[in-house]
Amino acid sequence: MRAFAAAGFWDTFRHRLVVTGELVCDTALRVGAGTEALLPSASDLPVVTTGGRPYIPGSSLRGVVRSQVERLVRTLEREPRNGRGACDPLEDTGWCIPRKEMQDLRRKVRERDEGRDDWLAQQVWERSCRVCRIFGSPWLASRVRFSDLFPLGETHPEVRDGVAIDREREAVKNKYDFEVVPAGTRFALEIMAENLGTPAERSLLWLGLQELAEGGVPVGGFKGRGLGRVHLEHLRVRYVDATDREALQAYLVRRDWREAGTEERQEWLNAFFAECGGEAGA
Ligand SMILES: [Zn+2]
């Protein structure tokens, strides 16, 4: 099944935004093993290894940021559709375009003589919620890409031992070891967003990151054991607005990005709240 990626809407370069920074572990992060690490729940931030080197999959962090954004958007807009609100990506019936509706759209598109892809892309876009439009859905490609996060400098995973309790017999069932990356480990963060063309769209990504930056988002497995707390540092937001010829030239010739400072990011947030009806605050 094909999601509408660069085709149609996004094949032109209009805006590129990059966020860099560091993800700092306040507590140890568990290094997951096997399928458990590859199939995290929405709030999990697993550490996996490649060639013995630990890293956090970018898609996992994107999932964490996305669920923050969903929570925020839901408090402001109830109806998840038509560029508003946040659907529930965990359940098919909660999607802004459920599978059944997509089948109907595909049936309709076959009755058309021409411009099928454009028409379908347009239908998908119009029906998608605010969050899917940025973070993607089964029918729509994400415009935000999180690179895998690798540790800065040397990292030596530590071995901890855990016990599994047999609840019925209230006895220790078995002991097992697991690895963690220690508190204080820093991971390099890089996020690239293509064509977040409006300030409100940019603010949504920023809002999600802000929550994470302040350390308010519990992530990762074994939270009950005090593992998996992180925050972000040295966040920088830079962008190129390709509709501004001078800025585009500076970028193409010298790789000059424009820095979005506190004031500009505040303007993005204001634009977002204005779109949501304004009553939710400035
Ligand atoms: Zn949605």
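## Arginines over aromatic rings

Arg 255 lies over the face of Tyr 251, at 4.5 Å from the ring centre. A charge counts as sitting over a ring if NZ of Lys or CZ of Arg is within 6 Å of the ring centre and within 35 degrees of the ring normal. Arg 16 has its charged end over the ring of Phe 13, 4.4 Å from the centre of that ring.

This is a predicted model, in which local features need pLDDT of at least 70 and side-chain atom pairs count only at pLDDT 80 or more, while totals for chains, interfaces and linings use all residues. Residues are numbered from 1 along each chain as its sequence is written, and side-chain values use heavy atoms, with hydrogens and water left out.

## Aromatic pairs

A pair of aromatic rings is described by the distance of the centres and the angle of the planes. Rings of Phe, Tyr and Trp (its six-membered ring) pair if their centres lie within 6.5 Å; planes under 30 degrees apart count as stacked, over 60 as edge-to-face and the rest as tilted. By this rule the count comes to six aromatic pairs. One of them joins Trp 95 and Trp 139, an edge-to-face pair with 5.8 Å from centre to centre and 75° between the planes. Trp 95 belongs to the loop between α2 (58-76) and α3 (99-110), and Trp 139 to the loop between α5 (130-135) and β5 (144-146), so the pair ties together parts that are 44 residues apart in sequence. Helices (H or I, at least four residues) and strands (E, at least two) are DSSP runs, numbered from the N terminus.

Tyr 251 and Trp 257 make another pair: their ring centres are 5.0 Å apart and their planes stand at 70°, so this pair is edge-to-face. Ring pairs link Phe 13, Tyr 251 and Trp 257 into a cluster. Buried means under 20% relative accessible area, exposed over 50%, and partly exposed in between (1.4 Å probe, protein chains only). Tyr 251 is buried because its relative accessible area is 5%, whereas Trp 257, at 26%, counts as partly exposed.

Ala 121 is 18 residues away from Trp 139 along the chain, and the C-alpha atoms of the two are separated by 8.9 Å.

Cys 87 counts as buried because its relative accessibility is 2%, and Cys 96 counts as buried at 4%. Cys 129 and Cys 132 are buried too. The structure holds zero disulfides, a disulfide being a pair of cysteine sulfur atoms within 2.5 Å.

## The five-stranded sheet

Five strands form an open sheet in the order β5-β8-β1-β9-β10, with antiparallel pairing. Its edge strands are β5 and β10, each of which pairs on one side only. Two strands pair if DSSP finds at least two bridges between them. Strand β5 pairs with β8 over three bridges in the antiparallel sense, and Arg 145 has Met 192 in β8 as its bridge partner. Nine bridges join β8 (residues 186-194) to β1, again antiparallel; here Leu 23 stands opposite Phe 187 in β8.

Val 24 has His 231 in β9 as its bridge partner. The pairing of β9 with β10 (residues 258-259) is antiparallel and has two bridges. In β10, Arg 258 is the bridge partner of Tyr 239, and Glu 259 stands opposite Arg 238.
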